[in-house]
Structures are given as C-alpha cells and as structure tokens.
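Dear colleague,

I am handing over the structure below, and I would be glad if you could read these notes with it open beside you.

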Amino acid sequence: MDDILGLLRIKIKKGVNLAVRDINSSDPYVVVKMGKQKLKTRVIKKDVNPEWNEDLTLSVSDSIFTVKLTVYDHDMFTMDDKMGDAEFDIQPFLDALKINLVGLPCGTVITKIAPCRTNCLSEESRVEWRNEKVVQDMCLRLRNVECGEVELQLQWIDLPGNKRT
C-alpha cells in the first residue's frame, strides 16, 4: 500500500457512433485496464450510442500511468467481439495534482492536452479545477475499428495518510 499514490475514478460517460457488431446494432461494454487491474462497465443492449455513466476506480501506483480502454460487443453464445480500443496517459492529470489550487475559481483550466499521433484524443482535453477537485474530461477515438468514440471523466481520490504525487 506504500506505493499507492491515490485512487483514480474514471467515469465512463457514453459511447458515440460505436461499430455495429450484431445484425443492426451492438451490445457494448467497456473494459478498463491499468497494470494488473481490470474493471468493466455493464452491458447496454442494442445501442451504438450507449450511456453508461458508470464510475470505475483504479489504484494508482508510482510506476504505471497508462490506461487502456477496450469496447466489446457482448454475445450470448460466441466470444464477445472487439469494437475498438484506446489508450491515454494520466501523467498530465497527475502533474496538475501537484499544483496548489486552493482559492482558484471553479472552472480554472490547469492544462490542455491537444490530440496528436501519440494519444487517442479526438478533441482537446482540459484538466480543470471544479468544485474543489481536479477533473479531466476527454473524448477518445477508438482504434482498430471503423468508427466510435468514448467520452469519460477523470477525478482523483486522495487516500488518508498518502501524499499526492
């Protein structure tokens, strides 16, 4: 427990224009992995624009800062079909936690991350100070698939007795 910096709450908001893997729709769910940790959302039946609004919480150590997200189509009698994947780096988010933000107005932008070849962002992502918390909204373009994006939000949870990064 000594090497755990805190908890990262990932709110999987929704999927947008996900790939069709059944006859005319899909039954998507999201798997989030960081290191050896693996969590998943519930399956949403027959929807290529699902709204999960589901919180998944991972413990963050001082060595792993990449999160991998994979979308699958749930199938009853065969293996689930992959509907794309994306990765994102939480280092800019963790760097924002090191800044003394007390007294800043709600909505203050701490940093911006532009989409580029080395990330899966479909649009600029901003790390913000909101309601006394560091928050990052992002929209990830799925790779290895014909279409689809996933919208999510990062939020930090301090552990009692642990220092922030």
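Which residues is isoleucine 10 in contact with, leaving aside its neighbours within four places in sequence? Taking contact to mean heavy atoms within 4.5 Å, isoleucine 10 meets Val32, Glu54, Asp55, Leu56, Leu58, Val67, Phe88, Leu152, Gln153 and Leu154.

Before going further, please note that this is a predicted model, in which local features need pLDDT of at least 70 and side-chain atom pairs count only at pLDDT 80 or more, while totals for chains, interfaces and linings use all residues. Residues are numbered from 1 along each chain as its sequence is written, and side-chain values use heavy atoms, with hydrogens and water left out.

Ile10 is also, with Ile12 and Leu69, among the residues with the most contacts inside the largest nonpolar core, which has 41 residues. Such a core is a set of buried Ala, Val, Leu, Ile, Met, Phe, Trp, Tyr and Cys residues joined through side-chain atoms within 4.5 Å, where buried means under 20% relative accessible area, exposed over 50% and partly exposed in between, with a 1.4 Å probe and protein chains only. In soluble globular proteins, nonpolar side chains tend to be buried together.

Leucine 8 lies in strand E1, residues 4-16; strands (E, at least two residues) are DSSP runs, as are helices (H or I, at least four), and they are numbered from the N terminus. Leucine 8 counts as buried because its relative accessibility is 0%.

The structure holds 0 disulfides, a disulfide being a pair of cysteine sulfur atoms within 2.5 Å. Cysteine 120 has its closest cysteine sulfur in cysteine 116, and because the distance is 9.5 Å, that is too far for a bond. For cysteine 139 the closest cysteine sulfur is in cysteine 120, at 11 Å, which is also too far for a bond. Cysteine 120 counts as buried at 8% relative accessibility, and cysteine 139 counts as buried at 4%.

Finally, the largest pocket is lined by 13 residues, of which Glu87, Phe88, Asp89, Thr118 and Asn119 lie nearest its centre. A pocket is, on a 1 Å grid over the protein atoms alone, an open set of points where a 1.4 Å probe fits, with protein on both sides within 12 Å along at least five of seven lines, and lining residues have an atom within 4 Å of a point. Strand E6 (81-89) gives the most to this lining, with 3 residues.

With best wishes
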